[in-house]
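Welcome to this short tour. Open your viewer, have the selection tool ready, and follow along stop by stop.

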Amino acid sequence: MNMDMHHDHHDHGTMAPPTGTDSHGDGAVHSAGGMMMMQMTFYLGYTNVELLFAGLVINTPGEMAGACIGCFLLAVLYEGLKIGREFLLRRNQVNVRYNSMPVPGADGTMLMETHKTVGQRMLSLSHLLQTVLHIIQVMVSYFLMLVFMTYNAYLCIAVAAGAGVGYFLFSWKKAVVVDITEHCH
């Protein structure tokens, strides 16, 4: 086994240190070698902001406003997908079983505790729909994460506000089940 750890074969001459941020506030850190490095702090720029795809570059306040509206709506859609999938899952549940078991009461008497168990068939149209919606939900969540990783404060605020509005619109009717025997709250 060769334990030679020398890196003489690498050309480190092309890796120049960053020289600072662009005066336009575009969030890109430029290096002396002409390479662009990713912004790693939040900023309030609206020029030369690359959004999700190489050709989708924001350069004007109007484009930034449009991008913010789009990101806001994408975050609202994400929250709607989460709640919609839960609704469809509850609506399409099959194989409902009730299991009763005796539990000792506080005064020494025996009480019957009933648990409802539900299931879903794997090879069904409803499960296929759930799978497709899950794929869409995962893709949307990664897009939102990548938007947030631009570190552009306008876009980050749009994503957070959209998630909040989406939760407000869709989650108000969400049924919350609290298991009183669960001690890890």
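Which residues of α3 are buried? Keep in mind that this is a predicted model, then select Ala153, Leu155, Cys156, Ala158, Val159, Gly162 and Gly166: these are the buried ones in α3. Now show what surrounds them: the buried residues pack against β4 (49–50), α1 (61–91) and α2 (125–148).

Next, colour the whole of α3, residues 153–170. Its 18 residues reach 25 Å from the first C-alpha to the last, close to the 26 Å expected at 1.5 Å a residue. Zoom in on the start of the helix, where a side-chain oxygen of asparagine 152 comes to within 3.0 Å of the backbone nitrogen of tyrosine 154.

Now for the aromatic rings. The structure holds 3 aromatic pairs. Select phenylalanine 42 and phenylalanine 148: their ring centres are 6.3 Å apart and their planes at 85°, so this pair is edge-to-face. Phenylalanine 42 sits in the loop between β3 (36–37) and β4, while phenylalanine 148 belongs to helix α2, so the pair ties together parts 106 residues apart in sequence. Phenylalanine 42 counts as exposed, at 51% relative accessibility, and phenylalanine 148 is partly exposed at 35%.

Tyrosine 151 lies in the loop between α2 and α3. Together, Phe42, Phe148 and Tyr151 are linked into a cluster by ring pairs.

Of its 185 residues, 24% count as buried.

Definitions and conventions:
Residues numbered from 1 in each chain as written. Predicted model: local features only at pLDDT ≥ 70, side-chain atom pairs only at ≥ 80, totals over all residues. Heavy atoms only, no water. Helix = DSSP H or I, 4+ residues; strand = E, 2+ residues; numbered from the N terminus. Expected span 1.5 Å × (residues − 1). Buried < 20%, exposed > 50% of the residue type's maximum accessible area, 1.4 Å probe, protein only. Contact = heavy atoms within 4.5 Å. Polar contact = N/O pair within 3.5 Å; in protein donor to acceptor, adjacent residues only side chain to side chain. Phe/Tyr/Trp six-rings, centres within 6.5 Å; stacked < 30°, edge-to-face > 60°.
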